[in-house]
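Hello,

Here is the structure I promised to pass on. Please open it alongside this note, and I will walk you through what turned up.

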Amino acid sequence: MCLTIPAQVIKLEKGKAVIQENDRFKQIQISLVPNLKVGDWILYINDSALEKIPRNEAKEILELLEVPYQKIDISRLSGKFRDIIQTSKSKDLTKEEVVYLLKTKELEQKALFSEANLVRKTYIKDFICIHGIIEFSNFCKNDCLYCGLRKENLTLPRYRMSIEDIVNIADKAVTEAGYKLLVLQSGEDYFYTDDILEEIIKKIKEKCRVFIFISIGERGYKCYERLKKAGASGVLFRFETSNLELFKKLHPQGKNLANRFEHLRFMKELGYFIATGSIIGLPNQTIENLAEDILTTKKWAHMVSTGPFVPCDNTPLANLVHGNIEMSLKTIAILRLMMKNARIPVVTALETLAGENGRKRALQAGANSLMFNLTPENYRPFYKIYPDKFFQKETIWQKYGLFKYEESYKMLEERMTKEIEKEKYATN
Ligand code: 5AD
């Protein structure tokens, strides 16, 4: 579902309401919302008002989202910085340019965020998309050094949800809360055979109208081909790091980077919508490595999935320092400059490290979507990829996502198709 910025009715004329959108006045239909008065607050999409909302709640949403564009006197900044921002408007950035942006500080860093925020506002207006994630199993056959679900972590109580539970949670999320896009995530757990995964997806699709993204690891071409046919639309599949040496060190168990990229390649070929990216702040990761990760993300992703490293207890990396928050925000901002229409979610890892303000800061740096956790409370503490202390203030968002409206689903469909089509067009 998507959340729009609320607007205040400025005038009523000829059976329509006049509102202000960015710097323009706009006339919208009000047939769905009778008895509107000047001064009322509404939620609207395209050219139609959808519902009236109380002023204090409109203010709450605005405070979270509406970021005043800070005009920064760009003439005080270096020529190099100005050139890079200018280049980003029409061309891809080079690795050297990305490194420069990752190294920005103080005023230049602020200017980077505000440029990225302006791109978000210009290209995607103020739609903030809200997706849900169901973490259905925390069993994993892998031993990635950073991850709390690694199989060698014997301290973690393990759980698996039944097919029925997964389908019911998904159905409730769609029909009651109004989610339009759900991620089904687990460790790499072969208890769920291809047959079972297919059954889960088919059953959800039979029950409700929703986009399903799967995040289940390296399951090979045949599995992904079947799940696509069963109705899955997208994958959430990070390459973790594009650096071969780093990848080897973090995945001692014989996983290999080539196989990850092979997965991304065939996922794309199968027509999946791809959410991918890397972890920021892994041990021994350099700025150059990060710049390469950004360019790799740009190459593969329709939607970005990138966030800071958070050390997890009972893993070999438990005592390391966490990924840098500013660096994570700069990564979001650079990706926004490079991928103007892409979905860039604020990930929980960032919210965990930066606290409640993290969400706002990430949106201000160019992010435009949020992922809410729909895993039942009794399992949540055990899906411990990293210690997740962030308490999500979800109610206001859930309340005003465009739950019941067909437009919300259609809009998502149109946008995803456009992204995939655009790419086909570009590569052919
Ligand atoms: N810190 C941050 N991200 C992590 N992930 C796994 N462990 C950690 C950690 N300690 C990420 C990986 C994986 C995704 C599901 O979670 O990138 O792909």
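Is Ser 278 buried or exposed? Ser 278 is buried, because its relative accessible area is 2%; buried means under 20%, exposed over 50% and partly exposed in between, using a 1.4 Å probe and protein chains only.

Before going further, a word on the source: this is a predicted model, in which local features need pLDDT of at least 70 and side-chain atom pairs count only at pLDDT 80 or more, while totals for chains, interfaces and linings use all residues. Residues are numbered from 1 along each chain as its sequence is written, and side-chain values use heavy atoms, with hydrogens and water left out.

Back to Ser 278, which is found in the loop between strand S12 (273-276) and strand S13 (279-280). Helices (H or I, at least four residues) and strands (E, at least two) are DSSP runs, numbered from the N terminus. Leaving aside residues up to four places away in sequence, Ser 278 touches Arg 238, Phe 239, Glu 240, Thr 241, Asp 293, Ser 305, Thr 306 and Gly 307, where contact means heavy atoms within 4.5 Å.

One of these neighbours, Phe 239, is worth a visit too. Phe 239 lies in the loop between strand S11 (232-236) and helix H8 (244-250), and counts as buried because its relative accessibility is 0%. Phe 239 and Ser 278 are 39 residues apart along the chain, with their C-alpha atoms separated by 5.9 Å. Again not counting residues up to four places away in sequence, the residues that Phe 239 touches include Phe 247, Leu 257, Arg 260, Phe 261 and Leu 264.

Next, the aromatic rings. A search of the whole structure finds 9 aromatic pairs; rings of Phe, Tyr and Trp (its six-membered ring) pair if their centres lie within 6.5 Å, and planes under 30 degrees apart count as stacked, over 60 as edge-to-face and the rest as tilted. Tyr 159 and Tyr 379 are stacked, because their ring centres are 4.4 Å apart and their planes are at 15°. This pair links distant parts of the chain, 220 residues apart: Tyr 159 is in the loop between strand S8 (128-137) and helix H5 (163-177), and Tyr 379 in the loop between strand S17 (369-373) and helix H14 (395-400). Both Tyr 159 and Tyr 379 are buried. Elsewhere, ring pairs join Tyr 221, Tyr 224, Phe 266 and Tyr 272 in a cluster.

Arg 160 lies over the face of Phe 139, 3.7 Å from the ring centre, and the charged end of Arg 260 sits over the ring of Phe 237, 4.1 Å from its centre. For this, NZ of Lys or CZ of Arg must be within 6 Å of the ring centre and within 35 degrees of the ring normal.

Finally, two residues other than glycine have a positive phi. For Asn 35, phi is near 60°; Asn 35 lies in the loop between strand S5 (24-29) and strand S6 (41-45) and is exposed, with a relative accessible area of 68%. For Glu 106, phi is near 40°; Glu 106 is found in helix H4 (residues 106-124) and counts as exposed at 69% relative accessibility.
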